[in-house]
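The report that follows is a guided reading of one model, arranged by region. Please keep the sequence and the structure in view while reading.

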Amino acid sequence: MPSNQLAWVERLKKILTLQRVIGSKIIYTPLLAIILFVLVMGVILGTLQLQERQQQEGALFRELALVQQRIQLRFVSNGEIIESIARDLGNSQGDTSLRKSVLEKSLSFVMSNQEVVQIMWLNENEWRQWMIPAASKSNEWLDRAPNSEALQQQLRRAIYLSRETNRASYSQMVQLQFTKDEPYMRDYQSVFWEVVPTTKNGEISGALAVLYSGQGILNYIIPSEIKNQYRFSLINQNNEVLAISSDRDTPFRALSSETMLDFGALGPNVTLRVDTYPPPTNLTLRMLLGVVICLSLFVVWSLWSVLKQIQVRQQTEANLRTETSFRRVIEDSTPIGIRAHDMEKRITYVNRSFSELTGWQPEELIGLKPPFPFWPAEHQEELMEKMEYALSSNDKRAIDGTIQKRDGTRIATRTFVAPLINEKGQQTGWVTSLIDVSEPKRIREELTATQERFVTVLEGLDAAVSVVSIENGDLLFANRYYRERFGETSVGHIDLAGHEMDPSSMMGLGDDTIDALAGLPASILEINRSSETQEIQLRSDANRWYEVRRRFIPWVDGHLAQLLIATDITLRKNTEALARQQEERMQFTSRLTTMGEMASSLAHELNQPLSAITNYCNGIAKRLSGSSSDLAQELLPALKKASEQAHRAGTIIQRIRSFVKRSEPQNKLSRIEDIIADAVGLIELEANRQGFKISSELDPRLPEVELDPILIQQVLVNLLKNAIDSMRDTYPSSARWTTSPIKIKADIESTTATPMLRIQVSDSGGGISAVANEKMFEPFFSTKTDGMGMGLNICRSIIESHHGRLWAQNLTHSETQRLMGCTFTILLPLEFSTEAKKQVIATKMQLNENPNESKQSLENEPN
């Protein structure tokens, strides 16, 4: 056979072989179609079945929710009615008409709610007052064992809960037991209580108890058309059926659903269950119809879908190209440097701005791993740690760092990191954004330094500086001095400003123009606006004075604020007041000096005629004593008394002259009895004039003591004068002659290390207050308006110069702890050292420099 024929035969064999292969594949096409048809039919049947079941479950859930809502709404409505009845019951005690209205309302409630078995009212002792329906043979099962015990137990529990919470409470379900002879009691097989407390004048006076039937809830609350399609049942927490709407059994394919009945926080634990009877379905017809329609539309839908898919794909590709171009333009035009990393931290992309920031080309950076060449060598470890932290955590905070350009210059940067997520929701790397913050950082550092210098100056000022917003009164700024004096609020600022925060009322801006840019009065924005200066004294701190300067300024946010600078001028004010007082005291002292000199001259002039009167009386009495006439005998007693009174007047004048005259210090052995007698003689006339008496108790064993009698006499006169003033302020004039006398007592104190002379001056006045007790020995402290505040201070100085002690102690009642006066105690050593004598002489010389001022200070010192 020729070679060309052989070649043709071989080609023919190949063609036939190819046809056989193609034919064998076409044979399997019907099989594939059948398999596809079966699969499609199975899917259709399953889908239809699933949809139908889902529809049934949806309808079942909606019906269950509807029934649950009806039951809960019924109980909410019943609860409101029961609470209304309970309130009327609490207010009906003693009101027959109101109680009758309550009974009628209760009867109407029971008749209109067939699920209610019984309603009864219990008093505070849980005794039944009345019940509806009334006790009869039909409801005697309530009081019959064993049902009564279970009902009473749950009722007591519900009453306890309602009293504790002062609100409605429920008991748990109670399953009652009935005999076969009582089939009509099936509706009351499961019951529970609802208890609402009744109150009277805010106090619980009883309880209103309502007994519900579980079977009644299903029979009378659920509509009949729903019960014909579904079976409802109540189930407790042990999955026991408490009540059921129908005795029919449900088929195997029945659907079920459960939900809790919410009666409130104190309600019973009851579950509502519903079972359905699915109607027979004819899936054959619907299945055949669906198959025909689906197979008919399958081809058209397939071709149309392919066409639409191609069109959508082409449009998507075009949109993707446009979006890619748009994003690239944005990335290249933004000043923010962007780079991308894969999961191995390798750079996969950088934009143009990033290359410009670093000076490196994209092809030089792509594929590099950290550390990168644009990281400074000394900061590579730090930047590596920051990068590891940013990539491993979800913290989106910015990372501050430094990068080094290719030319060696460095810039401060801030980097933001975000995960790179693909279309499948999987992370494929990270995207970082780099911002050059060199200039903002420099400006911020300069502003921070300026602010620190400014704040340092303000914090170092010895004046309170504060700024308060005019709009809301918030404290915008306060320096250290302000915070220490007035705290962290704007109360101190407002008090210092005198509660005047309205700029229009203070600065006459009622007709001022408004600046269009700042939105503030134009005059407020003037640079050379003069500030107002005042000197004020706060009500909360009356001991301090402040010089306040304030003005209105535009704050940094554009709103108007008030700047206030308050300087403490209390020391200046006190100095000025002290200077005025010293000037007044100097004038007063000058007048006292003049009066003292006049009193000394007057005493000297009166002493001569008084001596003459005494001599004349004594001479006449001596001549009449030798006469035996009755007239002489009658005149002798009168002349003796006149002589004694003249001598007494002379003695008093001599004491006054000795008290006020200037003399050198004299320390000598003196009898304390004479000093006390002279002091009492000086002050006794004043005491008698005020209606008081002075009694002395002197120990006869008192030795002579070396001291300055004039100084000690001044101390005693001052203490006696203070005692008179205290009792004068305590007792009215009509009751002074019956009060206890002022006592001055002198004896030996033997309880000390060495025996000392003790002198005590006691009165029954109002005592010494706690404030005066702390400050009464301080200079210039006085409780009198005309007092100089130096008397007791001088007294203590005199006693301490004698190495003695002076203190005061209040006298209190042993039972009532009421103040009954006070006692001033003086302790003086019985022997003086040479240094003590020198100190007494120095004190006396200091007092003699201005004796009248010292005397007046002693006399005017308060108790």
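Strands (E, at least two residues) and helices (H or I, at least four) are DSSP runs numbered from the N terminus. The model is a predicted one, in which local features need pLDDT of at least 70 and side-chain atom pairs count only at pLDDT 80 or more, while totals for chains, interfaces and linings use all residues. Residues are numbered from 1 along each chain as its sequence is written, and side-chain values use heavy atoms, with hydrogens and water left out.

Strand 7 pairs with strand 10 (residues 271-276) in the antiparallel sense over six bridges, and with strand 8 (residues 241-244), also antiparallel, through three bridges; two strands count as paired if DSSP finds at least two bridges between them. Serine 233 has arginine 273 as its bridge partner in strand 10 and stands opposite isoleucine 244 in strand 8. The hairpin of strand 7 and strand 8 has five residues between the strands, and asparagine 239 there takes a positive phi near 65°.

## Asparagine 351

Asparagine 351 lies in the loop between strand 12 (347-350) and helix 7 (352-358), and at 1% relative accessibility it counts as buried. A polar atom of its side chain lies 3.0 Å from the backbone nitrogen of phenylalanine 354. Beyond its neighbours within four places in sequence, asparagine 351 is in contact (heavy atoms within 4.5 Å) with residues including Glu331, Asp332 and Thr334.

## Helix 17

Helix 17 (residues 709-730) has 22 residues and reaches 32 Å from its first C-alpha to its last, close to the 32 Å expected at 1.5 Å a residue, the expected span being 1.5 Å times one less than the number of residues. Of its 22 residues, 19 are buried, so helix 17 is largely enclosed by the rest of the structure. Aspartate 708 caps the N-terminal end of this helix, with a side-chain oxygen 3.1 Å from the backbone nitrogen of isoleucine 710.

## Confidence

The chain averages a pLDDT (the predictor's confidence in each residue, from 0 to 100) of 76, and 75% of the residues score at least 70. Confidence is lowest in helix 21 (residues 851-860), at a mean of 41, and highest in strand 25 (residues 756-763), at 93.

Definitions and conventions
Buried means under 20% relative accessible area, exposed over 50%, partly exposed in between (1.4 Å probe, protein chains only). A polar contact is a pair of N or O atoms within 3.5 Å; within protein, one must be able to donate a hydrogen and the other to accept it, and residues adjacent in sequence count only if both atoms are side-chain atoms.
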